[in-house]
Amino acid sequence: MDILRGLDAVPEDFGQPDGTVVTIGVFDGVHRGHQLLISRAVEEARALGVPSVVLTFDPHPVAVFAPGRAPCALFTLEDRARYIEKLGVDHMVVVDFRKELAGDSPASYVRDTLVGRLRARQVVVGENFTFGRNAEGTAKTMSELGAKNGLGVTVVSLLSDGDVRICSTAIREELRQGNLQTAREFMGRDFSVTAPIERGAGRGGCELGYPTANQYVEDISALPADGVYAGWFTVMDEAAIDGDMDPGVRYPAAISVGTNPTFGDLRRSVESFVLDRKADLYGRQARVEFVDKVRDMTKFDSVDELLEHMARDVEITRRILDEPEK
C-alpha cells in the first residue's frame, strides 16, 4: 500500500486514466464497522478495475477543533496503516486537518479534493459521515453533491452488535471497564498497544526476578483498565535482539497496566513480563496484545506479598494462553 502524506503529495496523474474509489474516515481501531466500509470500497474498486483509496486524518479532527474533547486513540497511525493494508487498499492519503480541508465547504471538498485531486469515480461513506467546514456535510449531502459532480456515492449502514452500535467510542468504554472480550468482539481482533520500551522506576524488575519491558503510552492513547492481563508481546523492529528472543515473534507475557503503587511510580505504564525469556529490549519498538484479564491492580503491603501474587499472575497467564513452562 502506498502512503501519501498530505494532498500535496498526491501526484498529478493520480488515478488516471480511469479514476479511483475513495472511502473517508479516521478509522481509529479499524474495527469491524470500519472493516466493512473499507472492504466495500476495495470491492467496488476491483469491480471497476481502478485503485482503492483511503483518505484519513492525523491528528484526529476533533483534536483540532476541540482539543479538550479529543478521544484517546485506539491505534497509532502506523497500526492503522498496517491493518488497512491487510484489507487490500492500494493508497492511503493522510491529511493533517490543521493544514488541509478544515475550512473547505462541502461543495469544494467534493469538487476539488475528491473529484479534482483524488479523481474519485465512486466514494464509499458510512451513514453517519460528516465532512466539510464545521461538519456541515452529511451522507445525504455527499449523495446530492456527487450527483452534480459525476461522482457515484455508496452509503453503508452502521454495524451493530445487538443494541450497541460498533464504534470507537463504544470500544474505548469497554476498555475503560476492562471488558477485553467485548472490545475484541467489536474490533475483530485483540486490543493492542505499540510503543517504545523505556526504563522503568528501577525497582521491582530484575531485582525481584520478574524483569519487565516498560512502555509509557501517551495520555492521548487508550488503555485497558488498570490491572494485570495475559497477552502477547512482539518486538516490531527488525534488528537482532541481544538475548533469546527474535523480532517479529509473538511471546506469551503477563502484562501490568497502571501506575506502580507498591513502589510509588505515578506514571501510567504497560509493563510486560515475557515468560521464559531474557533479552535486552531497551529502545526497541514493541506491540503488546491483550487477551484476558488476570486481576485488578492492588497495592501490596510487602515485597513478599507482591512476589506471591506475581508468581500467581504468571501461572494464570500460562493457563489463559495455554503455554507450558519452558
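Is Ala 135 buried, partly exposed or exposed? In this predicted model, Ala 135 is partly exposed, because its relative accessible area is 40%, a value between the 20% and 50% limits that separate buried from exposed residues. The residue belongs to the loop that runs between strand S6 (130–131) and strand S7 (137–138). Its backbone deserves attention as well: although Ala 135 is not a glycine, its phi is positive, at about 55 degrees.

Phe 27 also has a positive phi, of about 60 degrees, and is likewise not a glycine. Phe 27 is placed in the loop between S2 and helix H1 (32–48). With a relative accessibility of 3%, Phe 27 counts as buried.

Two further backbone features involve proline. The peptide bond between Gln 16 and Pro 17 is cis, with an omega of about 5 degrees, and Pro 17 lies in the loop that connects strand S1 (2–5) with strand S2 (20–24). A cis bond also leads from Asp 58 to Pro 59, where omega is near 5 degrees. Pro 59 occurs in the loop between strand S3 (52–57) and helix H2 (61–65).

Met 187 is part of helix H7, which covers residues 180–187, and is buried, because its relative accessible area is 0%. The C-alpha atom of Met 187 is 7.0 Å from that of Val 30, although 157 residues separate the two along the chain. Beyond its neighbours within four places in sequence, Met 187 contacts Gly 29, Val 30, His 31, Arg 32 and Gln 35, together with Phe 75 and Ile 171.

The model contains six aromatic pairs. One of them joins Tyr 229 and Phe 290 in an edge-to-face arrangement, with the centres 5.5 Å apart and 90 degrees between the planes. Tyr 229 is in strand S13 (residues 227–235) and Phe 290 in strand S18 (residues 285–296), so this pair ties together parts that are 61 residues apart in sequence. Elsewhere, ring pairs connect Tyr 109, Phe 129 and Phe 131 as a cluster.

Arginine side chains also meet aromatic rings. Arg 189 lies over the face of Tyr 83, at a distance of 3.9 Å from the ring centre. The charged end of Arg 199 is positioned over the ring of Tyr 282, 3.8 Å from the centre of that ring.

Technical notes. Residues numbered from 1 in each chain as written. Predicted model: local features only at pLDDT ≥ 70, side-chain atom pairs only at ≥ 80, totals over all residues. Heavy atoms only, no water. Helix = DSSP H or I, 4+ residues; strand = E, 2+ residues; numbered from the N terminus. Buried < 20%, exposed > 50% of the residue type's maximum accessible area, 1.4 Å probe, protein only. Contact = heavy atoms within 4.5 Å. Phe/Tyr/Trp six-rings, centres within 6.5 Å; stacked < 30°, edge-to-face > 60°. Lys NZ or Arg CZ within 6 Å of the ring centre and 35° of its normal.
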